[in-house]
Amino acid sequence: MTYIVGLTGGIGSGKSTVADLFAELGVPVIDADIVAREVVAKGSPLLAQIAENFGDEVLLENGELNRARLREWVFNDEAQKNWLNDLLHPAIREEMQARLRAQSYPYVLWVVPLLIENKLTALCQRILVVDVLPETQLLRAARRDKNKLELIKNIMAAQVGREERLRVADDIVDNNADLTDSLEILRQKVLELHQHYLQLAEQYND
Ligand code: ATP
């Protein structure tokens, strides 16, 4: 069975940055956000259902989903959020499991921003948390997305706090230092984790 390492962390913590370093080593990476995007790709049946429910304003001019708008709408509307989750979660889970099953590498890195919030930790054999200070998270997420600070603060408030995430972690990557100084340190840390995961995966399958 594929050994699953769940990688999580808050918005803007550096999950993709760390996942890319695992990918450089040849580790298969399955990103829940990418799968979530693909199941609502332009022309998909799920996107049609979303447009029917929210109206065409939820689409961009090119027919793709306007994710930022959808996120803002459901953020303040519990019923709509539940409707959307009930539609998307089973489809995402199915697609994710198919991809996990298709892997033949000793382990898979499964990147899931809401791993803890959505109670998915039991599906992983190991949990890796990318840790940063909340103020750094806020600045990096704002710089990347040109998002309003208020929106990012709201998203952070809806995610589990730093302490809870660290409590659940088997392993932690400290991503507080700026990449200009820390890329090699980060790469070394990822290499150590990778070697450890290869061993754990081997024991798991013995
Ligand atoms: P999200 O869940 O919001 O998609 P994420 O956890 O995947 O975010 P990244 O996209 O990897 O986070 O990082 C967020 C932003 O911060 C990116 O623009 C990235 O280039 C930058 N970043 C990540 N780590 C560092 C670092 N150590 N120093 C400086 N910038 C960083």
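A: Three helices each give at least two residues to the shell around the ligand: helix 1 (15–24), helix 6 (134–145) and helix 9 (179–204). Helices here are DSSP runs of H or I with at least four residues, strands are runs of E with at least two, and both are numbered from the N terminus.

Before going further, keep in mind that this is a predicted model, where local features need pLDDT of at least 70, side-chain atom pairs count only at pLDDT 80 or more, and totals for chains, interfaces and linings use all residues. Residues are numbered from 1 along each chain as its sequence is written. The pLDDT is the predictor's confidence in each residue, from 0 to 100. Here the chain averages 94, and 100% of the residues score at least 70. For the complex, the predictor gives an ipTM of 0.98 and a pTM of 0.87.

Back to the ligand. There are 16 residues around it, and the ones that come nearest are Lys15, Ser16, Thr17, Arg140 and Arg144. Sort the shell by residue type and you get four nonpolar, eight polar and four charged residues. In that sorting, Ala, Val, Leu, Ile, Met, Phe, Trp, Tyr, Cys and Pro count as nonpolar, Asp, Glu, Lys and Arg as charged, and the others, Gly among them, as polar.

Now look at what the UniProt record says. Its unreviewed entry has a "binding site" annotation that covers Gly12, Ser13, Gly14, Lys15, Ser16 and Thr17. UniProt positions are given in the numbering used here, with feature names shortened, and such annotations may be inferred rather than shown by experiment.

Let's zoom in on two glycines from that annotated stretch. Where does Gly12 sit? Find the loop between strand 1 (3–8) and helix 1, and you'll find Gly12 in it. Gly14 has its place in the loop between strand 1 and helix 1 too. Are they buried or exposed? Gly12 counts as buried because it has 25 C-beta neighbours inside 10 Å. Gly14 is buried as well, since 23 other C-beta atoms lie within 10 Å. The cut-offs are simple: 20 or more other C-beta atoms within 10 Å of a residue's own means buried, 12 or fewer means exposed, and anything in between is partly exposed, with C-beta atoms placed from the backbone.

Who are their neighbours? Setting aside residues within four places in sequence, Gly12 is in contact with Gln137, Arg140, Ala141 and Arg144. (Contact means that the two C-beta atoms, placed from the backbone, lie within 7 Å.) Notice Arg140 and Arg144 in that list: they are also among the residues that come nearest to the ligand.

Let's step back to the whole chain. It is divided into domain 1 (1–28 + 105–206) and domain 2 (36–102), with bounds that come from an automatic or database domain assignment. Taken over C-alpha atoms, the centres of domain 1 and domain 2 are 24 Å apart.

A couple of stops in helix 5 are worth a visit. Asn85 lies in helix 5, which covers residues 78–101, and Asn85 is partly exposed because 13 other C-beta atoms lie within 10 Å. Ala91 lies in helix 5 too; with 17 other C-beta atoms within 10 Å, Ala91 is partly exposed. Not counting residues up to four places away in sequence, Ala91 touches Val39 and Leu46.

Lys119 counts as exposed, given its 9 C-beta neighbours inside 10 Å. Its phi is positive, about 55°, although Lys119 is not a glycine. Val112 has its place in the loop between strand 3 and strand 4 as well, but Val112 counts as buried, with 25 C-beta neighbours inside 10 Å. Val112 touches Gly6, Thr8, Ala32 and Leu120, again not counting residues up to four places away in sequence.

One last stop is Arg167 in helix 8 (residues 162–168). Arg167 counts as exposed, as 11 C-beta neighbours lie inside 10 Å. Arg167 and Val129 are 38 residues apart in sequence, and their C-alpha atoms are 9.8 Å apart in space.

Conventions. Near = placed C-beta within 6 Å.
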